[in-house]
Amino acid sequence: MKKFFIPLGIFLVLVAFLAVGLKRNPQEIPSPLLGKPAPLFSLSTLDTGGAKFGPQDMRGKVWMLNVWATWCAACRDEHPLLVALSKANQLPIVGLNYKEVQAQDAPAGRQLTPEDKLRIARERSAVWLQRLGDPYVVSVFDLDGRVGIDYGVYGVPETYIIDKEGVIRFKQVGAVTLETLQSQILPLLQKLNAS
Amino acid sequence: MKSSCLQLKALCLAACLVWTGLTTALAKEALPMAQDPVLEKRLVLISEELRCLVCQNESLASSRAELANDLREEVRKLIAQNQSDQQIKDYLVNRYGDFVLYRPQVKPMTWVLWFGPFLLLAAAVWGMFSYIRQRQSAQTAGVALSDADRHKVQAILKSGDAP
């Protein structure tokens with residue numbers, strides 16, 4: 001009897017490990033930034049007047065940083081949800097446009113200057129936001145992806161919730177879904193706003 | 001027959017040549033612009049130990065993902081700033097987590113990972129020895145005879161002597 005149960009037990013343990021391993025999403029990497037201050041930046045906005053924006057401008061507010069780009073298909077999927085969220089006045093959402101203008105966008109044999117890139121990024125974003133709705137209180141442009149590196153961005157869209165003290169409380173890689181919104185983001189908002 | 005075989009060989013050779021030509025061309029394209037050979041050498045050494053987050057089975061050195069390009073550029077800058085290998089790795093770990101390291105750090109969180117296999121080996125060795133000992137003692141116990149048995153056997157053997 002014992003001889004029969006020992007291999008069976010080992011097999012079941014193995015199956016349990018494999019089953020858990022299969023269910024996990026390898027794209028989901030725990031961010032070391034949770035609980036750490038949001039990295040500071042100062043980036044150009046949609047406003048052609050030259051106004052800059054940084055996380056320091058949101059001190060005292062619970063806010064969302066949404067990393068997106070017009071070339072990103074999943075961003076289009078989550079966009080209606082963000083628009084609804086902003087219409088419901090749940091929290092201010094800041095759009096961080098990540099590397100809108102890519103290397104292949106340059107005309108053959110010519111390199112785009114940062115000014116060119118900013119101009120093109122503004123044009124494209126304005127069209128997108130006009131067509132699909134603008135959920136952002138402000139849109140900033142991370143043209144070379146440097147701010148993205150500081151935030152550990154590796155797959156657009158990514159979404160961060162930052163609290164009143166400027167500490168990152170939540171990170172989502174990939175499109176925000178109604179389910180994550182209801183089960184994680186909204187409860188977290190209540191908690192953060194109450195404190 | 002012979003000529004068609006030759007043709008086939010020639011075709012194979014041509015295909016091989018084209019293939020190697022293609023692959024080396026691709027390999028060359030992925031190579032960074034070597035401005036400073038010493039810096040590039042260190043970049044390769046460091047980035048081979050780092051994981052590309054977009055294509056997770058590739059190292060930062062071999063990946064051609066856009067993000068890998070940016071991160072290599074970042075590492076290049078850090079090398080130019082005379083940062084140590086550890087400092088550069090810490091820079092990336094602070095942003096992307098331990099996941100970027102192909103060689104995880106030894107810390108309480110990764111003890112099972114580092115020492116677990118040795119623990120399993122020790123358990124297996126212990127199991128094997130206890131099994132062998134058990135078998136040996138079972139065998140010797142089976143051979144041992146009581147005095148009564150010995151007398152009985154001797155009696156049988158003796159009776160067998162006399163036909």
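Predicted model: local features only at pLDDT ≥ 70, side-chain atom pairs only at ≥ 80, totals over all residues.
Local features need pLDDT of at least 70 and side-chain atom pairs pLDDT 80 or more, while totals for chains, interfaces and linings use all residues. Residues are numbered from 1 along each chain as its sequence is written, and chains are lettered from A in the order in which they are written.

**Exercise 1.** Determine which residues of helix α2 (residues 37-47) of chain B are buried, and where they lie around the axis.

Solution. Step 1: count C-beta atoms, placed from the backbone, within 10 Å of each residue's own; 20 or more others means buried, 12 or fewer exposed, in between partly exposed. Step 2: L43(B), I46(B) and S47(B) come out as buried. Step 3: these residues span an arc of only 85° around the axis (from directions axis to C-beta), so they share one side of α2(B). Step 4: P37(B), V38(B), K41(B) and L45(B), on the other side, are exposed. Step 5: the buried residues pack against α3 and α4 of chain B.

**Exercise 2.** Describe how strand β5 (residues 138-142) of chain A is covered and paired.

Solution. Step 1: four of the five residues of β5(A) are buried. Step 2: strand β4 (residues 93-98) of chain A pairs with β5(A) in the parallel sense over five bridges (pairing requires at least two DSSP bridges). Step 3: L96(A) has V140(A) as its bridge partner in β5(A).

**Exercise 3.** Characterise the side of chain B that touches chain A.

Solution. Step 1: with contact defined as C-beta atoms, placed from the backbone, within 7 Å, 13 residues of chain B contact ten residues of chain A. Step 2: α3 (66-80) and α4 (85-96) of chain B each supply at least two residues of that side of chain B.

Methods
Contact = placed C-beta atoms within 7 Å. Nonpolar A, V, L, I, M, F, W, Y, C, P; charged D, E, K, R; others polar.
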